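Subject: Structure for you to look at

Dear colleague,

As promised, I am passing on the structure, and below it you will find my notes on what came out of it. Please read them with the model open beside you.

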Amino acid sequence: MNYNICSLPGGMRVIHLPSDSSVVYCGIAVSAGTRHEQSGEEGLAHFCEHLTFKGTHRRRAVQIINALEGVGGELNAFTNKEDTVFYCAILRDHIRRAVDVLTDIVFYSEYPQQEVEKEREVVCDEIESYEDSPSELIFDDIENLLFEGHPLGHNILGTSERVRGYNSDDAHRFTARHYRPQNCVFFASGDVDFGKLVKWLEKSLQALPAGRGVDTSTIENVRDESIFAPPSQGGGGGGASKPATIVRERGTHQAHVIVAAPSFSASDPRRWSLYLLNNILGGPSLNSRLSLSLRERRGLVYTVESSMVAYSDTGIWTTYFGCDPSDINRCRCLVRRELGRLMDRRLTDSQLSVAKKQLQGQLAISCDNREHFALDFARNYLHTGVLRDLTDIMNHIESLTPDDLRLTAQQLFAPEHTTTLIYK
């Protein structure tokens, strides 16, 4: 993949993946997520994402919306634990307009108090809707258990009480601290003249307000690797040292169960074996081991899946299922049996070959979604400085051995390393 990359005088990095498509996906990825919130700022990163669309010194909120949607484009954003991303899809004829709008909202937003007051209720409605979705809420709850006392464990949305207390000054303070060019990556995928793109960006950043230009001070980055280390090869260690089963009575018709363990960071080479192992266990295909065991053979669940998230200095692995409350113990036993099989039995060469082909095929199809891939390579470059390359990923997967997978299973899946949360 022949990326174009450079760093602007103000410190913002630019990455462009050329293609022949007339549709350009571009945006600004900011290293400002939940983990960057200080005490008392829970949910502020997400709230600022909303407020960033509400007006600059050049555009009112409705003008921001119409600037790109008026020419058929789409403008959107999302907040994660480690970043906030503002992005759009636009025809290449309007890429200069997209650059102007994106830089305007990220670096020149005014966060007017009247808009803060209106947007509070929008976000509070989002929070209440989320709390009515136990199959989503349980993932945040398990992270809060594993990363207790650390911003990584906080719910991204925060609480309604906290959000209703924020004002324009809070938004200015948080964004002035984090929405800086050297804390951002501008990304683009499509038929774009890279030289012109760089010039447009340089021009758009010339008038940055005081405090948003080059700053050599260290941008706060809350980390404590000793707390969140996954189990070592010898077992034990880090957040995995307090296994437990927690039951919360929520009065739901269906029981929701999640099993989790701290896992590997985005730079840990062991993440590749977990990537493949996770796909075998409970990936998106109906022939995953958990799907075959709990759904296809026994009809005990509609949804069963496993997933992994790799942060910059830690990670989390989870297995989730929803079932009738009377089937909780049976489903848990079946999940534990599949985990035990991966710990105790070495995959045959033919089993491993089939698993690799499946994951590599899924990856190739996923990367064919240009919007998804643009967001992926942008966030990867933001946090690691590494260029995402599909061939390199395929080679990592191809190099895995049965012993690699078995060792990873033993490190993460043992009962003494996992925490289970049950809603019923």
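This is a predicted model: local features need pLDDT of at least 70, side-chain atom pairs count only at pLDDT 80 or more; totals for chains, interfaces and linings use all residues.

Residues are numbered from 1 along each chain as its sequence is written, and side-chain values use heavy atoms, with hydrogens and water left out.

On the overall fold, the C-alpha atoms fill a box of roughly 60 × 45 × 40 Å along the principal axes, and the chain contains 16 helices and 11 strands (DSSP runs numbered from the N terminus, helices being H or I of at least four residues and strands E of at least two). Buried residues account for 53% of the 424 residues, where buried means under 20% relative accessible area, exposed over 50% and partly exposed in between, with a 1.4 Å probe and protein chains only. Of the contacts (heavy atoms within 4.5 Å) between residues at least 6 apart in sequence, 81% join residues at least 24 apart.

Helix α12 (residues 328–344) packs on helix α16 (residues 402–412) at an angle of about 130°, with the axes 7 Å apart; axes are lines fitted to C-alpha atoms, for helices over the stretch in contact, and angles run from 0 to 180 degrees between N-to-C directions. The two helices are therefore oblique to each other, since angles under 35 degrees count as roughly parallel, over 145 as roughly antiparallel, 65 to 115 as roughly perpendicular and the rest as oblique. L342, M343 and D344 of α12 meet R406, A409 and Q410 of α16 in this contact.

Finally, two residues sit in helices and are buried. N380, in helix α14 (residues 370–384), has a relative accessible area of 14% and, leaving aside residues up to four places away in sequence, touches G385, V386, L387 and R388. E115, in helix α4 (residues 113–131), is also buried at 14%, and with the corresponding neighbours left out E115 touches L51, K54 and A61.
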